[in-house]
Amino acid sequence: CHPCVAMRVPMGPLSLLLALSLLPPRGSAGASCPSRCVCASNLLSCSQANLSVVPAPLPRFTAVLDLSHNNVTRLRADWAPARLPHLHALLLSHNGLTFVSTEAFTHVPRLRHLDLSSNRLRTLDENLFSDLGELEVLLLYNNEITTVDRTAFENLGRLRKLYLGQNRIARFPLELLREGTRLPQLALLDLSANRLRAVPAGELQALPAWLRDRLYLHNNPLACDCLLFQLLDRGHRRHLSAVVDFQDELRCILPGAPASIKILALAGQQPLNCSKAQEAVLEAHLGDSVTLGCDSRWQSVRSRHWVTPVGDPVLGDGGNGSVVLLANGSLQLRALRAEDAGTYACRVAGPVLNETVYVELLVHNFTLHGPHDTLNTAYTTLVGCILSVVLVLIYLYLTPCRCCCCRGTEKPPAPRDDSINSSVLSTTPNHAGGTGEPCGSHIASSAGTGQNGRFKGGGTPPLPARQG
């Protein structure tokens, strides 16, 4: 109780001086709260105050500043002439903002939450938010944004949620999502209700599942494509929120079709006739090393347990270091064998639900680059064909002169009895001396008669009758 109230005596000059000494000092929230604002400790609420400019001066200790539902159409560089080191939340929604200076956030480097939603912003200029190195949440939905500069989000290394839904964006630089680039910690990207006609489905599939779980693409005039279908089909089977929660709004347009259709209904439908894709299949060869990733929906999960195709848990190194658990939760297999093939399971204990990720490994029963397998099958076949052609040409054009084109003295024929085992099927022609007849005009010599007067096909003359 106040001393004057407790004593129940009239307030005199001394008591009035004591009461003034108990008032908050100059510079506190009560002494410097801007007009038409409500202040509570380090919170300043100036919402619905019909303001056209940011009130000044602002207390230096302000942590949360709410300027929503006003008429602040331009946010200049001098809206905060002094540094506000404690400000971590700035709310500027529903102001009709059309311009934000690239130097507007120079004096608020500790800002973690920025709400610019429901305004009339049209472009995100170069290095617009580069001074907000600690920003975690950026709300830009329900604007008129058509152009997004790829450097607008430069230096936002801690940004986790980016809301760009309900705009007029026809192309967003999705290369910013690659791991280790400008937005390494981004866990939510809302691009719904824009004018996107195509997205790089192959690059999006390579993103980690914890990012695809919060990548919203519904209510866009996307062109129907099988890669897009397979991307969303995998997400639906993995129960990703961005697909399961908005599967009716995920639609695409077929050429010549009067209306859009559900993307998840493209399986087996003409004219695309898209087929379902397998979740994760890796192919390797004997002796190779391969790394199996545990692509979980939960980010920064440390508890991962691998199970082999035969049901054995992976506890650590096995087989002289052939199985290694990496620090990021992946499983590395070295010196692959044929029995290493199969479906591996990675069990993750998430904050809400548990999840099991399956990876199928195919091991081909040959080495890809063995020491004696330097030529593959196609190259070996080509070399064999070329060698066969060369041998045919040599046979046709480099053989000795034939009998039909030779003239002059020839070697006399060998006597008939030089080989008693000669065969009429021999390919060596029986040359006739000096006749000049063609090779095909030879007539069989007088054949001897064998026993019982029969013709002897071997051409061997009969033996003379024995004497005595």
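Predicted model: local features only at pLDDT ≥ 70, side-chain atom pairs only at ≥ 80, totals over all residues.
Local features need pLDDT of at least 70, side-chain atom pairs count only at pLDDT 80 or more, and totals for chains, interfaces and linings use all residues. Residues are numbered from 1 along each chain as its sequence is written, and side-chain values use heavy atoms, with hydrogens and water left out.

Leu217 lies in the loop between strand S13 (215-216) and strand S14 (222-223). Helices (H or I, at least four residues) and strands (E, at least two) are DSSP runs, numbered from the N terminus. The relative accessibility of Leu217 is 8%, so the residue counts as buried. Buried means under 20% relative accessible area, exposed over 50%, and partly exposed in between (1.4 Å probe, protein chains only). Leu217 touches Leu191, Leu196, Val199, Leu204, Leu222 and Leu250, with residues up to four places away in sequence not counted. Contact means heavy atoms within 4.5 Å. Asp190 is 27 residues from Leu217 in sequence, yet their C-alpha atoms are 7.0 Å apart.

The structure holds 4 aromatic pairs. Rings of Phe, Tyr and Trp (its six-membered ring) pair if their centres lie within 6.5 Å; planes under 30 degrees apart count as stacked, over 60 as edge-to-face and the rest as tilted. The ring centres of Tyr216 and Phe246 are 5.7 Å apart and the planes stand at 90°, so this pair is edge-to-face. The pair links distant parts of the chain, 30 residues apart: Tyr216 sits in strand S13, Phe246 in the loop between helix H6 (241-244) and strand S15 (251-253). Tyr216 is buried at 13% relative accessibility, whereas Phe246 is partly exposed at 27%. Phe105, Phe129, Phe153 and Phe172 form one aromatic cluster.
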